[in-house]
Amino acid sequence: MSSTKNDKKGTQSRKSQGRKSAEKKRIAVIPGDGIGKEVIAQAVKVIQAASANVELTEFDWGADRYLRDGTTVPADGFAMLARDFDAILVGAFGDPRVKTNIHAKEILLGMRFKMDLYANVRPVRLLDAALCPLKGIEPKDVDFVVLRENTEGVYTDAGGVFKQGTPDEIATQEDINTRKGVERIIRYAFQYCEEHSKLDGSPRKTVLMCDKSNAMTHAGGLWQRTFKEVSVGYPRITAQHMYVDALCMQMVRDPRQFDVIATNNMFGDIITDLAAGLQGGLGMAASGNIHPGRTSMFEPVHGSAPPIAGKNVANPFGAILTVAMMLRHLEFEKEADKIEAAVLAAVREKKTTQDIGGTLGTKEAGEWVASRVR
Ligand code: ATP
């Protein structure tokens, strides 16, 4: 992992400090549906303001196109993304007009599964104490990252329904865990821990594996054995374990204790919504979907949020921080630093949307950050 272009994933990479900006990179932009379109418009403005050496190409994949011509992903779409782009910036998918959500599944899960973006990197950082619902918590107390397995688990749609609609109906949803899949996300977590610092510059030291192996013994057993075996190769890193229910409680009792968390697809999905609560809500959370050495995809943690779509109220900072994460991944360190500093200034000066206490609209908050970056 360390020798590829993909050795930085959101928080400061120790190796990357002091590097110069990279050569021109090509970015595919897929705003998608609902607030995805609104926040990505602002995120793009911020990329342009940062004058990063990138070429942006927008794609109209999403509900509108699906309703117009039935296309979810054009023929060869994923191969084209992998071949022609260095990174993909995505908004969100989901539209009440598409009841089956088929386009969202095919585009978003398609990208994660078919492009094999196995590490979902979700940094959890508190920018300002005022954004955290917990008492007495300062920004330095919330600085951890969740590494969610992104290609297996219960999200592969394995299972089925029998005797649907009858009193005898049976539904199964299978939890797929392969040795390869479990091992690579755990290894990724240890590598991440070795290569990244906390925001205050101190080294990361602990990988915590989160599961429910006391109840889900088959899958949990594989995670437990693999974690033990992989951790032996990283003697300087402390390996810890917590059951997912206990972890949820600890996250709101004392988020200071967390550093790098590795977990499966579903637990990662759930605990990062909880973690987003520590950061000021879903509107503040960024993520990357990474396969080291391949074209990776970056998206805010939030979804398309139909109830607030089209009202200019969605918080664009999660998408803007996602852009910073993507640029850092592409070795545009200076530009990423500038963007993160501008978002921090916006939060401190309350130039924000209402969800985090400001009075600005999506567009105005995005423009404020863009002009600060400029
Ligand atoms: P998905 O399953 O696609 O991730 P979700 O069901 O988790 O989506 P979201 O679309 O992420 O739901 O949003 C849930 C609610 O959180 C929204 O209705 C909205 O109130 C709030 N929310 C999400 N994102 C934002 C944002 N960027 N700004 C403000 N509020 C947001």
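**Salt bridges and a short-spanning helix**

Glu183 is partly exposed, with a relative accessible area of 23%, where partly exposed lies between buried, under 20% relative accessible area, and exposed, over 50% (1.4 Å probe, protein chains only). This is a predicted model, in which local features need pLDDT of at least 70 and side-chain atom pairs count only at pLDDT 80 or more, while totals for chains, interfaces and linings use all residues. Residues are numbered from 1 along each chain as its sequence is written, and side-chain values use heavy atoms, with hydrogens and water left out.

The side chain of Glu183 meets that of Arg179 in a salt bridge, at 3.1 Å from N to O, the term denoting a side-chain nitrogen of Lys or Arg within 4 Å of a carboxyl oxygen of Asp or Glu. Because Arg179 and Glu183 lie four residues apart in helix α5 (residues 179-195), about one helical turn separates them; helices are DSSP runs of H or I with at least four residues, numbered from the N terminus. Arg179 is itself partly exposed, at 33%.

By the same rule the count comes to 27 salt bridges. One of them joins Glu333 and Arg328 at 2.8 Å, N to O, and both of these residues are buried. Salt bridges with shared partners connect Arg125, Arg328, Glu333, Asp337 and Glu340 into one network.

Helix α4 (residues 102-114) has 13 residues, yet its end C-alpha atoms are only 16 Å apart, short of the 18 Å that a straight helix would reach, the expected span being 1.5 Å times one less than the number of residues. Among its buried residues are His103, Ile107 and Arg112.

Notes
Helices (H or I, at least four residues) and strands (E, at least two) are DSSP runs, numbered from the N terminus.
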